[in-house]
Every structure is written in structure tokens, then in C-alpha cells.
Amino acid sequence: MTYQGPWSAEYIESQYKRWKEDTAGVEKDWQAFFRGFELGRTDQRGDKVLPGTEGNAIKQSRVESLIYRYRDIGHLLSCLDPLAACPTSHPFLEPEAFGLDKEDMGQKFYFRGFPGEDRSMKLADIISHLKRTYCRDVGVEYMHLQDPEERRWLMDRMESTQNHPPLDTDEKTRILQKLCESYAFEQFVHKKYLGQKRFSGEGADAMIPMTDALASHAGDEHACNRIVMAMAHRGRLNMQVNVLDKPYEDIFREFENQHDPDSEVGGGDVKYHAGFDGEVKTRGGKPVHVIMAHNPSHLESVNPVIEGMARAYQEKDGKAGTLPLILHGDAAFAGQGVVAETLNMSQLEGYGTGGTVHLVINNQIGYTALPEDLRSTRYATDIAKMLMVPVFHIHGENPESAVGMIKLAVDYRMAFAKDVVIDLVCYRRYGHNEGDEPYFTQPLMYARIKERPSLHEIYFDRLKEEGLVDDRSFKKINDGILECLQAAHDQAVTEKSAGVTGKDKNKSASGKKKKLDTAVKTSRLKRLAQRINQMPADFALHRKLERLFTGRRDAVEKGDGIDWANAESLAFASIVQEKIPIRLSGQDSQRGTFSQRHSVVFDTNTSEPYVPLNAVEDSQAPFHAINSLLSEAGVLGFEYGYSLIKRNGLTIWEAQFGDFANNAQSVIDLYIASGENRWGRKSGLVLFLPHGYEGQGPDHSSARIERFLQLAAEENMRICLPTTPAQYFHLLRRQAMDDVLKPLVVMTPKSLLRHPAAVSGIGEFAKGTFSEVMDNPDAVKNPGKVVFVAGKLYYELEKAKAENNHNDVALVRVEQLYPFPENALSAIVEKYKSCDKWVWAQEEPENMGAWRFMAPLFEKRFGLQLRYIGRKASASTATGYHRVFLEEQRALVRKTLA
């Protein structure tokens with residue numbers, strides 16, 4: 001091959017001549033290049049290395065191109081796969097590709113990246129150095145980084161050690177100890193509990209000493225005292241006992257199916273999904289708290305959860321102290337969309353955690369599918385390069401390289417506050433689980449795996465050659481581990497469990513319902529209204545917003561006409577004044593989807609933001625409104641994780657429209673609805689889901705109430721549809737003040753935001769509390785019909801009732817659907833017991849909305865058989881034709897009141 005460089009030889013020669021005549025006569029890049037060329041012509045003794053000719057300038061440029069190519073794509077020649085032969089050449093990396101030949105091998109050239117005083121080396125030595133750095137058992141992708149400081153930082157550290165930073169004897173013996181512990185645990189469990197699922201980590205054993213080294217290095221060198229960690233089920237039990245220091249006997253009790261109902265909370269989960277709070281002692285003796293998050297089988301869904309947890313810890317204790325760590329599978333990292341969503345958060349102000357260390361356990365298989373079935377990219381990690389972060393590919397059977405690179409990864413994260421990715425190329429010793437037969441689908445691959453010795457044996461042989469250990473000491477290590485395992489097993493099978501470590505034992509699951517005083521005195525409301533509706537003197541507010549804020553303040557002063565957005569601002573202001581922080585995030589949440597909120601305003605002259613809710617008083621808690629990335633699953637997962645840690649705050653996720661929660665259904669199902677039952681983890685997260693039928697078609701009408709009601713059981717959440725601003729105010733304050741943490745799902749309004757009848761007087765804020773059921777406002781003592789309704793349909797029914805003199809109809813609003821407000825509804829049933837017509841009216845189709853949830857409960861609790869009035873069952877939430885919608889709505893109202 002001939003050299004195909006970016007510049008012709010003639011052009012380089014002309015530039016060199018110009019530079020020789022006038023050093024300022026060429027561009028700065030060329031000036032630096034030719035200075036380096038001249039420097040490279042002289043060695044430490046002052047001897048000329050290259051004659052100062054134009055031809056040699058071209059040779060130097062070709063060497064520079066070769067060096068760049070090795071740094072850029074040297075990973076293509078790296079030896080990474082334990083199951084395959086190592087590549088020996090690549091056409092793009094041959095000297096001939098750059099117009100260099102054998103005669104040039106002995107010639108010295110300038111090597112700008114080489115550390116030390118003598119920056120000139122023979123070309124053969126340059127190539128050897130580059131190969132040892134980039135083409136052995138570590139391959140690195142980093143030249144896509146656009147920040148030259150980051151590239152130089154990495155280059156200096158990698159090329160000075162040839163990507164094999166030295167480890168001392170203690171570190172090497174620690175690695176061997178951890179590999180022996182990993183192997184012994186897996187084999188012991190395999191023999192004692194043959195056939196039971198454990199999702200062995202064998203084949204990826206290096207992840208144990210890697211994680212151990214990460215915690216120790218982060219703690220000793222970077223003052224990190226907490227790691228928030230997520231990982232899938234493969235190797236999870238091994239990680240818990242051999243890194244997080246979970247007692248062996250606790251694991252064995254789980255295998256023995258010991259279950260103590262008195263010490264457990266909820267329904268529990270399988271052992272390889274459970275989280276654990278553990279501790280790693282660093283080499284310097286410092287304890288590092290490691291929190292492994294609970295994780296359902298939906299693998300990568302936990303990623304944003306732990307990012308939210310880490311963010312909450314960092315806000316509490318400072319950013320430097322908490323490090324997020326995620327262990328991925330190769331198939332899931334490339335295949336699951338939530339991975340990209342989580343990566344995209346990393347540099348966003350509202351979601352960043354100062355960088356996450358990603359360790360991809362690359363088994364080179366996903367269940368039974370091979371990489372060619374699973375991704376369209378060369379590497380499983382290619383999606384991460386969108387962040388401009390380095391990716392380290394590591395041979396899974398070289399634990400020293402693995403440990404060295406994970407320490408470098410931590411250093412990079414700490415230096416630049418960015419994510420970093422490690423791709424540990426290994427294999428899976430068994431099938432997808434211990435009962436799976438991999439030979440059915442990958443016979444040749446598993447024939448090779450069968451021949452591979454365990455990593456602890458491979459590494460022992462290496463240390464034995466170095467004279468660091470002998471057969472006797474190796475046997476002593478293994479015997480000691482086995483002895484501990486057996487003792488723990490004996491104890492586990494003879495003693496009853498004291499309960500599962502790591503569960504949230506706060507037993508106020510349903511708790512005693514205490515009466516919360518959510519009312520705020522009129523005088524205080526007026527003071528708050530003054531503060532949050534007034535801008536700084538030098539702030540240029542948009543004139544339309546001036547009218548809006550003036551109108552809000554005037555409404556509170558007058559004591560009537562307080563609308564939804566005004567009530568929300570008053571609620572938020574009163575909450576932060578009581579030292580309870582608020583975090584509100586969602587798509588366009590600062591302004592609000594319907595231009596109703598304006599919690600952040602912008603100076604029309606400077607575009608500088610101003611947050612009125614942070615000007616309540618000096619000692620208040622902070623209010624944060626965040627415009628989220630265009631994601632639902634990732635953002636909702638983040639806010640759920642944040643709420644687990646920030647228990648003394650009000651954390652809110654707002655959907656742009658309620659049905660957008662569809663894209664986050666897995667987070668709702670796996671965490672929000674069932675997290676307390678499965679893992680005892682409590683969350684007070686609030687979901688704002690705009691809901692209501694106003695003719696906007698199938699996609700912007702329904703927040704899918706029925707789905708939340710289907711998930712509702714064991715008082716696991718609260719589901720509400722407030723119909724007045726005052727109700728909304730009291731509901732938010734109740735959630736913020738309640739120490740019984742439950743997720744709150746609020747079907748928030750759209751058209752009611754500006755409905756003239758949907759306003760409240762100040763007296764409704766200054767007294768009372770949230771009403772789960774709102775009785776008929778008219779004095780109907782003996783109605784001919786009682787209609788139960790939830791949401792905005794009430795206002796249409798009330799208007800038609802007044803216009804058509806349906807004075808014998810009592811309209812009762814059910815403001816809380818779950819927990820079922822039995823006491824409040826019982827009072828209504830008793831009050832109107834003489835009535836023989838009982839109706840449930842709803843806008844949603846019959847197979848949606850609250851009907852099928854509420855009707856059986858009315859019959860079971862009160863013996864009432866409600867009549868359904870609403871749209872007929874439908875495959876779609878709503879019609880897309882506005883005329884049809886209006887006809888349906890009019891018919892629904894007419895039929896309800898008839």
C-alpha cells in the first residue's frame with residue numbers, strides 16, 4: 001500500500017521551506033510541527049537524528065500519522081477475546097501504509113507523546129512502544145474526544161506505563177485472594193444447591209477484584225465514601241459476599257428458603273434481584289459504603305434509578321463523596337434504550353452526577369443470541385461514544401490489566417466529572433442460568449469454554465512464575481475460604497434467619513392515618529402571594545407575564561378567583577417555607593405544558609432566569625424546576641431513585657400529557673407500584689399526569705387511570721383527581737407533610753386550568769384539608785338520582801344540570817380513587833339511602849377509566865349496583881374527530897342527567 005495522507009509531499013515541502021525562511025510564515029499548527037521535527041533531529045547528546053531536508057520532513061509527518069493511527073485504531077489489533085486467537089496485523093497499521101519501509105526502522109524520529117527528556121526514538125522502537133500500549137490486552141478508544149486536554153491526560157498516563165501500571169505485591173495477592181473467593185463461592189453453591197438458579201459470574205471472575213480495587217482506590221485517592229451501584233443478576237450474589245461483605249450465612253439462608261414473616265416486609269423478591277448495603281475496607285483502612293440497588297429482571301431499567309439516588313446523596317453530602325457505578329451486560333448495553341437515555345443525562349445540569357463508571361461484562365452472548373444477532377456495531381459499547389468519553393476494552397483473563405484500567409477510569413472520572421466505560425471481554429461459563437444447556441445453540445463456543453481453566457488458576461500460575469506465591473500458600477488460601485463457607489453453611493441450616501439485610505424496615509407501610517393540618521392562614525397566604533409574584537427591580541419581565549403575576553397577587557388579596565396555577569404556586573411557596581425542598585422535573589415543566597406555571601421566568605433583555613419560589617425567605621428550602629430531556633422511562637426512573645433518598649422533600653415528575661407515562665410503564669410497574677412490596681423501599685414520588693377529554697384525539701386525552709388502578713393494592717399508592725384549586729393545594733401539602741411515604745398519582749387538569757368555574761376562594765385554603773369525596777354542593781335532600789363522577793366531567797354535568805333544571809340529581813365527586821375512600825363514601829350512601837338510582841359517569845370508554853375498579857367495590861362494600869354511563873368500550877382511548885367527540889360528550893351529559 002502507498003501512503004494516502006491528508007497533504008501531498010509537495011505541499012509539506014513548500015510549507016517547510018516557508019517556515020525555514022520565516023518561522024511565522026506558516027500557520028501555528030505547522031509551526032509546532034516543524035519545531036518538533038527540528039527537535040526530533042537532535043538527540044540528548046546534541047547529535048543530529050535526521051538531516052534537515054524537505055524529504056525527511058515528509059518522513060517525520062508520515063511517522064506522526066502512524067503514531068496518530070495507533071492511538072486512534074490500535075484497539076483493532078488488541079488481543080481481547082479469551083476464546084479466540086489474537087490478531088497479528090492490520091492493514092491500516094502497517095508501516096507500508098504510510099510510505100515507510102525497512103530502511104526507516106533504524107532511523108530515529110521525533111515522538112511527541114513519549115515521556116521523558118529524550119523524545120526521539122528509532123521507528124522500530126516507536127512501533128513496539130505503541131503496540132505494547134494499544135495492541136496488547138487493553139484496547140482504548142479515546143481519540144474521538146474533542147477536548148485536547150482530556151486526550152493528552154489519557155495519553156500521558158497510558159503511554160508512560162504502556163497501559164500496564166505497576167502493581168505492588170500486596171495488590172497482586174489481593175487480586176489472587178478475590179479470585180479464589182469468587183471461584184470457591186460459585187463452586188460451593190453449585191455443589192450444595194445443584195440446579196438452583198444463582199446466575200453464576202464464572203467466566204467474568206475479574207469483575208470481583210476490579211470492583212474491590214475501584215472502591216479502595218476511590219476511597220483512598222479521591223476521598224470517596226459512598227458508591228451507589230447497579231448490576232444485573234449475573235454474578236450478583238458473588239459480588240455481595242466477596243466485595244460488599246454480605247455474610248455467607250445470609251446467602252445460604254436464602255438458598256435454604258428460610259422465610260420469617262415477622263421480620264419481612266411485603267412479598268419479597270428472588271435472591272438475585274435483591275439489593276444490599278455493604279462496606280468495603282480500602283487498603284488504607286477507610287470504610288467505603290457500597291449500596292447495591294434492588295433490581296428487577298428488566299436489567300438496565302435500574303440505571304437511571306441509581307443515578308437519581310446518587311444525585312440525592314451528592315446534594316446531601318457533596319458531590320465528591322458519592323460515585324455511581326453500573327455493571328452492564330453486553331447485550332443489554334447495546335440493546336436497551338434506557339441505556340442511551342441514562343447516558344444522555346450525564347452532562348445535564350438537572351441530572352448529572354459528576355460522571356459514572358460503567359463496567360460492561362461482555363459475555364459475548366445474550367441468552368442464546370450472538371453479537372451478530374444483537375447489534376449493528378463493532379463493540380457493544382459504541383453507543384457510549386456519543387458522550388465523548390473514553391472506552392477501555394480489556395481481556396477478561398488479565399486481572400492486573402483490569403485492575404489497572406479501572407483505577408485509571410476512576411482517576412479520569414474524578415478529573416473531568418464525566419462518564420467512563422470499561423468493556424471486560426470474557427465469557428459465560430454456563431448457560432443463561434444453571435439449568436440452561438448452552439450446547440444446543442453454541443456448541444463450538446462452549447467446547448472452547450469447557451477447555452478454559454478458571455481465572456484463579458491462571459493468575460496463580462503467573463504469580464508462581466514471579467515467585468510471589470507457591471503451591472502451599474495457594475492451597476492455604478483455598479482451604480481457608482472453603483472452611484469459612486462450610487462453617488457458614490452449617491450455621492445457616494441450623495439457625496433461623498433474623499431477616500433479610502438491606503430491607504427498609506420502616507413498618508409504617510399503611511401506617512396509622514394521622515390528620516394533617518394542611519390549611520394556611522389567610523395572612524400568610526397574602527404575604528406569600530406578594531413575594532412570589534414580585535420581580536426584582538432591575539428584572540425586565542415580559543408584559544404578558546406582568547399581567548399574569550399581578551392577577552395572581554390580586555386574586556389572593558381579594559380572596560377569590562384563585563386558579564390552579566396560582567394555587568400550585570401558593571402550595572409550593574408554603575412547602576419550601578416549611579423547610580421542605582421541592583424538585584419538579586418534566587418536559588417543559590418550568591413554564592408548564594399549557595403555559596400555566598411560569599415557575600422560572602426570563603429577563604427579556606438578558607435572558608437571565610429568575611425563580612420567584614426561591615425568594616420566599618432566606619431560610620427556606622430550595623425549589624428546583626427542571627426541563628427534562630425528551631425521555632419518560634429514564635427521567636421517571638431518575639426521580640424515583642432520587643425520592644428514595646430525599647425522603648424529606650417533595651419530588652415530582654410531570655408528564656407533558658398523561659399518556660406519555662406509557663413510555664415509562666416499566667418503571668411504574670417494577671418500581672413505583674411494587675418497590676415497597678418487593679424490597680421494602682418507600683417512595684413519596686408524585687406523578688403529575690394531565691388528563692381529560694377535550695377533543696384532542698387518542699394520544700392527548702387519557703392518562704390511563706385504569707392502569708394505575710389495576711396496580712393498586714395493599715395501599716401501595718394514592719390516586720387522585722382533584723377538581724378544585726383548593727383541593728389541589730391541600731393534596732400537595734398533605735403529600736409533602738405526610739411521613740407515611742406513598743407514591744401519589746395526580747390526574748392534573750388541562751382545560752380546567754383556565755375554566756372560569758374552576759377557581760377557589762382564599763377561605764378554602766385557610767381551613768379544611770383534602771376531601772377524598774366532595775358531596776353535592778346543592779341542597780338536594782332527597783335526590784332522584786345520585787351520580788358519582790371523577791374529574792372535569794363534573795363541571796359539564798353541573799353546568800347542564802343548572803341550565804336544564806335537573807334539581808333532583810346529586811353530583812358527588814370522588815377525588816381520591818385509591819385507597820378507596822370507604823368512610824367518606826359510606827357517609828354519602830347513608831345520606832342518600834332513600835334514592836334508588838345510583839350512577840357512575842365517566843368520560844373514558846367503559847373498558848378504561850375508573851368504572852371497572854369502582855363498581856365491584858361499591859357492590860361489595862355498600863351493596864350498591866351502580867349503573868354505568870359513559871362511552872362504549874373501545875380499543876382506542878378517544879376519537880380523533882372533533883365533531884364526533886362533541887356529539888359523544890353531549891350525549892354522555894344528556895344521558896347522565898336524564
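**Entry 1: the salt bridges**

I began with Lys-579, which at 47% relative accessibility counts as partly exposed. I took buried as under 20% relative accessible area, exposed as over 50% and partly exposed as in between, with a 1.4 Å probe and protein chains only. I note that this is a predicted model, in which local features need pLDDT of at least 70 and side-chain atom pairs count only at pLDDT 80 or more, while totals for chains, interfaces and linings use all residues. Residues are numbered from 1 along each chain as its sequence is written, and side-chain values use heavy atoms, with hydrogens and water left out.

I then looked up the partner of Lys-579: its side chain meets that of Glu-617 in a salt bridge (3.9 Å, N to O). Lys-579 sits in the loop between α20 (564-577) and β11 (582-586), and Glu-617 in the loop between β13 and β14, so this pair ties together parts that are 38 residues apart in sequence. I applied the rule that a salt bridge is a side-chain nitrogen of Lys or Arg within 4 Å of a carboxyl oxygen of Asp or Glu. The count by this rule comes to 44 salt bridges. For element names I used DSSP runs, with helices (H or I, at least four residues) and strands (E, at least two) numbered from the N terminus.

Glu-617 also meets Arg-531 in a salt bridge, at 3.9 Å from N to O. Arg-531 belongs to helix α18 (residues 522-532) and Glu-617 to the loop between β13 (609-610) and β14 (623-627), so the pair links parts that are 86 residues apart in sequence. Glu-617 is partly exposed at 26% relative accessibility, and Arg-531 is partly exposed with a relative accessible area of 33%.

I recorded a pair within one helix as well. Lys-475 and Asp-479 form a salt bridge of 2.6 Å, N to O. Both lie in helix α17 (residues 471-494), four residues apart, about one turn of the helix. Lys-475 is exposed at 52% relative accessible area, whereas Asp-479 is partly exposed at 36%.

**Entry 2: two residues in loops**

I looked up Lys-682, in the loop between α23 (675-679) and β16 (686-690). Lys-682 is buried, with a relative accessible area of 1%. Its side chain makes a polar contact with the side chain of Glu-676 at 2.9 Å. A polar contact here is a pair of N or O atoms within 3.5 Å; within protein, one must be able to donate a hydrogen and the other to accept it, and residues adjacent in sequence count only if both atoms are side-chain atoms.

Ser-760 is buried, at 2% relative accessible area. Leaving aside neighbours within four places in sequence, I found Ser-760 in contact (heavy atoms within 4.5 Å) with residues including Asp-560, Gly-561, Thr-724 and Phe-765. A polar atom of the Ser-760 side chain lies 3.0 Å from the backbone nitrogen of Ala-726.

**Entry 3: the open sheet**

I traced an open sheet of eight strands in the order β3-β9-β10-β8-β7-β4-β6-β5, with mixed pairing. Two strands pair if DSSP finds at least two bridges between them. β3 (138-141) and β5 (276-281) stand at the edges, each with a single partner strand, so one side of each has no neighbour in the sheet. The twist averages 20 degrees from one strand to the next.

I then examined β7 (residues 322-329): seven of its eight residues are buried, so the strand is largely enclosed by the rest of the structure. Strand β4 (residues 226-231) runs parallel to β7 and is joined to it by six bridges. β7 also pairs with strand β8 (residues 357-362), in the parallel sense, over five bridges. Leu-325 has Val-357 in β8 as its bridge partner. At the other pairing I checked, six bridges join β5 to strand β6 (residues 287-292), and these two run antiparallel. Asp-277 stands opposite Ile-291 in β6.

**Entry 4: a helix pair**

I found helix α4 (residues 123-134) and helix α5 (residues 148-161) packed at about 105 degrees, with axes 9 Å apart. The axes are lines fitted to C-alpha atoms, for helices over the stretch in contact, and angles run from 0 to 180 degrees between N-to-C directions.
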